[in-house]
Amino acid sequence: MGRNKKQNPFAARKRQKRENGPERPDRRALPYEEIKRDNAFFIKYYHLQKICASEEEWSQFLESIRDNLPTTFRVTGFKDEAKALLSIIETQLFTEYVRAVAELHQKAPEDVERPLCLPWYPNGLAYQLHLTRKDIRRSEPLYRLHNFLIVETTAGGISRQEAVSMIPPIVMDVRPTDKVLDMCAAPGSKTAQLIEALHAAPEEHKIPPGFVLANDVDNNRCYMLVHQAKRLNSPCLLVTNHDSSVFPNLLTTMPDGSKAILKFDKILCDVPCSGDGTLRKNPDIWLKWNLAQAYNLHGIQYRIVRRGAEMLEVGGRLVYSTCSLNPIENEAVLQRIIKDADGALELVDAGHLVPGLKYKPGMTDWKLATKEVDQIFTNFDEVPESLHTIIRPGMFPLPADEMAKIGLDKCLRVLPHLQDSGGFFVAVLEKRRQLSFEKNDVVELVQLNEKAKQPAAEPQLDEEGKPVEEKSVPWGPQRKKRRLHGYKEDPYVFFGENDPDYEAIKEFYQLNESLSQRCLLTRCITEKKKNIYYCSDPIRDLVLNNENNIKIINTGVKTFVRCENRHTVHPFRLAQEGLQTSNAFMGANRRIQVEREDLVMMLNCTDPTQPPSTHELKKETQERCKELGVGSCILKYVDERFTLYTVGWRGTSSLRAYVHKDETIHILRLLGSDLSKFETNKYEDARVAAAAAADAEAGKSGEAEAGSSGEGAATESTSISGAVDVPEAAKTTSTPMDTEEVTTRS
């Protein structure tokens with residue numbers, strides 16, 4: 001009997017490969033093949049649904065949805081410098097755009113179509129370029145446009161976003177006082193829009209009394225969401241990680257100190273969908289589209305909007321949206337929730353909020369089909385029993401009399417050919433009264449919250465000191481152990497009443513009393529704080545009341561950072577990210593007004609070891625510097641169009657700007673300064689690198705040839721010296737140089 005020897009898995013794999021014959025070629029090594037933009041099931045299904053009014057329009061629809069999507073972006077509207085940036089875009093950027101596109105397509109500049117200002121976006125702050133993402137990324141004439149989009153997006157000046165994706169936040173009609181919930185928020189472009197709307201009246205509210213709670217079920221996508229929203233540096237944002245279909249009730253503190261269940265004024269349900277409205281942007285969907293996706297998603301879409309309706313305040317507004325064209329994911333979901341609400345929810349027309357947008361009304365009649373679209377069903381009675389678990393009665397349209405009462409024609413259906421965009425569906429619901437299935441037991445919620453705050457019970461130990469495992473039995477309800485998905489988040493530690501660090505910060509920066517000390521927080525339990533964040537009062541209340549009830553990913557904007565050195569008298573410097581918030585509470589002692597030339601010089605100084613000397617500044621600025629001690633400060637620049645505030649650092653004999661590179665370029669652009677120092681042409685850099693590599697390779701080849709020719713010469717010299725009559729002494733005592741001389745003489 002042979003020994004039971006464990007086989008080597010690598011050797012087994014090699015044997016298997018030999019048996020299977022030659023390896024399949026690596027797809028990554030093959031040239032990229034253009035995706036065929038066709039799907040027989042897709043075309044057959046939507047032609048059946050009659051989403052277009054005529055055959056001519058249907059042809060336009062197919063032609064448009066097979067084409068690439070144009071690039072769109074919008075300017076961040078609540079910032080003071082938005083108008084100045086918009087002016088730069090409309091003049092300098094678009095002039096460069098026309099020149100670059102003319103060069104790219106080999107046509108005269110006057111024949112180039114200028115970017116389109118989206119007529120339905122408020123204040124003319126959104127533009128559509130007649131270029132695709134691929135054009136911008138891979139065309140050298142457009143490298144300046146590409147650089148602009150990257151830098152300004154990172155700096156928070158603009159947001160790149162698909163045009164139709166901008167519609168839901170607009171029709172939500174968010175006010176600075178609203179409590180807003182974004183139930184499926186990642187990757188965060190709509191969340192950023194909601195934050196902008198919240199901060200739309202800075203002259204009226206230093207910090208908006210409302211807030212945005214952005215949630216997503218995917219832990220990894222939550223960090224994408226944080227990255228997207230953090231560009232706007234809002235203290236009124238809370239990011240959570242939870243399944244939105246079972247989102248828990250949250251507690252809030254009332255003015256009299258009592259607890260109540262939080263209800264939201266505005267809720268966005270941009271639910272997961274099959275995404276066939278994004279075929280122009282994601283052509284790979286052509287390869288995998290089928291009806292089963294819509295049938296599978298219908299249930300989760302309904303549960304999300306139902307949970308959203310439960311959390312909505314009476315009189316509040318809920319926006320339901322998808323990037324799908326399928327009535328099973330759109331109208332069928334809405335008719336079901338409206339019917340279940342029994343008059344508590346009402347569809348409202350929001351077309352007046354997007355004037356100039358071309359769209360079609362919601363559908364009131366549709367058909368269902370099998371996955372291959374070879375069997376068509378007009379009612380549930382026609383569905384075979386084998387499909388009853390997939391196709392449900394609620395997916396079919398209601399009778400005509402019931403359908404007329406719902407008003408699905410108030411929905412907005414945006415099709416790609418109407419205005420050269422993606423496809424999208426938007427509906428606006430308003431809550432008239434409480435829902436019959438709403439659960440608002442605040443006493444039970446408080447008890448559960450208090451129970452969650454209690455430390456976990458210590459495990460029982462056996463005689464050997466090991467934890468005793470609970471015995472599982474095959475009968476009765478089976479409980480799965482609850483597991484925390486994703487990373488464990490750091491705690492949220494708010495300042496106490498008499499925090500010594502706050503007292504020192506308050507004294508150094510002369511903070512006024514309107515800045516709430518209790519809204520400052522850190523993310524670690526330690527006496528020596530590193531980063532200090534600030535959040536609004538409602539956000540603080542949300543965190544303290546619910547941190548044991550839901551997983552909180554992120555909140556607060558960085559305001560102060562520990563920065564100790566031997567020259568400063570105060571250990572905390574200001575953070576540029578939080579200046580938008582903290583600036584309103586700062587005293588006059590740490591402020592200095594600078595001239596344009598001074599600010600340009602400081603921003604152009606990219607070497608932190610060589611900051612500009614105060615003697616290089618204008619005399620007016622030098623005089624102001626004398627009154628400013630060493631440490632962090634606010635640099636103020638006043639222009640006739642806007643006022644800029646940046647964080648600075650006053651050294652013993654210097655003054656520098658403390659700003660990130662992308663924001664540096666953003667400010668220099670606003671100041672009309674030369675940006676050639678920061679302009680990068682990746683194509684030119686690639687050519688230089690390739691040339692350097694070729695030179696290096698040529699140098700190696702030259703050395704190799706020289707080495708081989710040297711060896712040949714040595715061999716030849718040996719044979720010659722062996723042939724001539726060389727004295728014996730020369731043979732035994734000659735150095736290499738001697739040998740070379742002898743060879744030469746020979």
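This is a predicted model: local features need pLDDT of at least 70, side-chain atom pairs count only at pLDDT 80 or more; totals for chains, interfaces and linings use all residues.
Local features need pLDDT of at least 70, side-chain atom pairs count only at pLDDT 80 or more, and totals for chains, interfaces and linings use all residues. Residues are numbered from 1 along each chain as its sequence is written, and side-chain values use heavy atoms, with hydrogens and water left out.

An unreviewed UniProt entry places a "binding site" at ten positions, among them Ala185, Lys190, Asp216 and Asp270; such annotations may be inferred rather than shown by experiment. Ala185 lies in the loop between strand 5 (179–182) and helix 8 (189–198), where helices (H or I, at least four residues) and strands (E, at least two) are DSSP runs, numbered from the N terminus. Ala185 counts as buried because its relative accessibility is 5% (buried: under 20% relative accessible area, 1.4 Å probe, protein chains only). Beyond its neighbours within four places in sequence, Ala185 contacts (heavy atoms within 4.5 Å) residues including Thr191 and Asp216. Lys190 is placed in helix 8 and is also buried, at 11% relative accessibility. With neighbours within four places in sequence set aside, the contacts of Lys190 include Asp182, Asp270 and Phe424.

Elsewhere, 4 strands form an open sheet of mixed pairing in the order 24-25-26-27. Its edge strands, strand 24 (591–593) and strand 27 (655–657), each pair on one side only; pairing requires at least two DSSP bridges between two strands. Strand 25 (residues 631–638) and strand 26 (residues 643–650) are antiparallel, pairing over 8 bridges. Leu635 has Thr646 in strand 26 as its bridge partner.

Key:
Buried means under 20% relative accessible area, exposed over 50%, partly exposed in between (1.4 Å probe, protein chains only).
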